[in-house]
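Student: I'd like a close look at one end of this chain, please. Could you then help me see how the rest is put together?

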Amino acid sequence: MVSCTSISDAYRVEAQLLRTFVAVARLGSFSAAAVELGYTQAAISQQIAALESDLKVPLLNRRPVTPTEAGRRLLEHAEPILLRLDAARADVRRMTLPPSAALVVGATPLAGGTPSLPLALAALRQRMPRLEVTVSAGTRAEVLAAVARGDLDLGLTDGLAARGDPLPEFAALTAVGVSQVGVAVVLPPDHPLAGRASLRLTDLADARWIEAPAVAAPLSEIRRLAGVEGFRPALRYDGSDTLSLIRLAAAGHGLVLLPETALPESSRPETARPATGITAVPVTTPRVVHRVELVHGTLHERSPAAELAALLAPRG
């Protein structure tokens, strides 16, 4: 008689080993991972040893705790696998549980700053005046992960894309385009290119830029869209306030690429005046747009999340 472990048990154990490995690699500490996951440090060490034994390769350097080359490669696979498992669990839970009387929406700073979300929430409030609504801000990666896990009912994300193209979203979620607008480079009024009617991104590859991962598009993405190297950061801004970022660019700390609708009305390309201290020049090459998308998992019909999704979806 042959005895074997059930498939469900085998995958449950392997997923837990991966989850432990990701936690240790992210925190750079066995003890911190033990606290986060609720295990003893000895148990964390045993799980990592079991995973390394299974793969027959060291995954973590011990002093300091950093991923090995093999560990970095495993991380590339492990994080999407774990998120996909969380998304599957959340999707099933959404299908089986009754609709909630509360609504939790996530939004990136630029997506949340568009008129779409406030107007849709106002219309939803008229239909459901007793609904409890929470809006949570985060980066695009954070919003996608939270929607996939079921921590958020819906999410609004944003990013740069070629005109007409979708954003690269997480496969387990439904993504619907909400809006797309042109982009402009914010620069100080005395910048040599401030008088241009339009700009090419390649003209700015050697300029000083601001890296603002919580608000603006990553410089790595701008490099990819421009098709050239360069776009090196002179300053890093870790905040999420768009106006503060614009003022840093206007004061000469580096350029920043933003959707035209995120700029103060007096500084938008069609109405810019030198007196504002802020100059924005539209980018025409390549043909890049700022795209906002609604992302969600399974939605209960007539639930608050489904009603809001219908209000946010473009008509026509």
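Student: How many contacts beyond four places in sequence does the model have for residues 1-13, and under what value does pLDDT stay there?

Tutor: Happy to look at that stretch with you! This is a predicted model, in which local features need pLDDT of at least 70 and side-chain atom pairs count only at pLDDT 80 or more, while totals for chains, interfaces and linings use all residues. Residues are numbered from 1 along each chain as its sequence is written, and side-chain values use heavy atoms, with hydrogens and water left out.

Over residues 1-13, pLDDT (the predictor's confidence in each residue, from 0 to 100) stays under 50. For that stretch the model has 1 contact (heavy atoms within 4.5 Å) beyond four places in sequence. Residues 271-275 also have pLDDT under 50, and for them the model has 6 contacts beyond four places in sequence. Where pLDDT is low, the predicted coordinates should not be read in detail. For the protein as a whole, the average pLDDT is 87, and 91% of the residues score at least 70.

Now let's step back to the whole chain. The protein has 10 helices and 12 strands (DSSP runs numbered from the N terminus: H or I of at least four residues for helices, E of at least two for strands). Its C-alpha trace spans about 80 × 55 × 30 Å along the principal axes. Of its 316 residues, 44% count as buried (under 20% relative accessible area; exposed is over 50%, partly exposed in between, with a 1.4 Å probe and protein chains only). Take contacts between residues at least 6 apart in sequence: 72% of these join residues at least 24 apart.

Leaving aside residues up to four places away in sequence, His290 touches several others, among them Leu110, Ser179, Gln180 and Pro259.

From Leu263 to Leu154 it is 26 Å, C-alpha to C-alpha, and 109 residues along the sequence.

The backbone deserves a look as well. Most residues other than glycine have a negative phi, and most peptide bonds are trans. Here, however, the bond from Arg63 to Pro64 is cis, with omega near -5°, and Pro64 lies in the loop between β1 (60-61) and β2 (66-67). Thr285 and Pro286 are also joined by a cis peptide bond, with omega about -5°; Pro286 is in the loop between β11 and β12.

Two residues other than glycine have a positive phi. Lys56, with phi near 60°, is in the loop between α3 (41-55) and β1, and is exposed because its relative accessible area is 74%. Arg302, with phi near 65°, is in the loop between β12 and α10 (304-312); its relative accessible area is 61%, so Arg302 is exposed.
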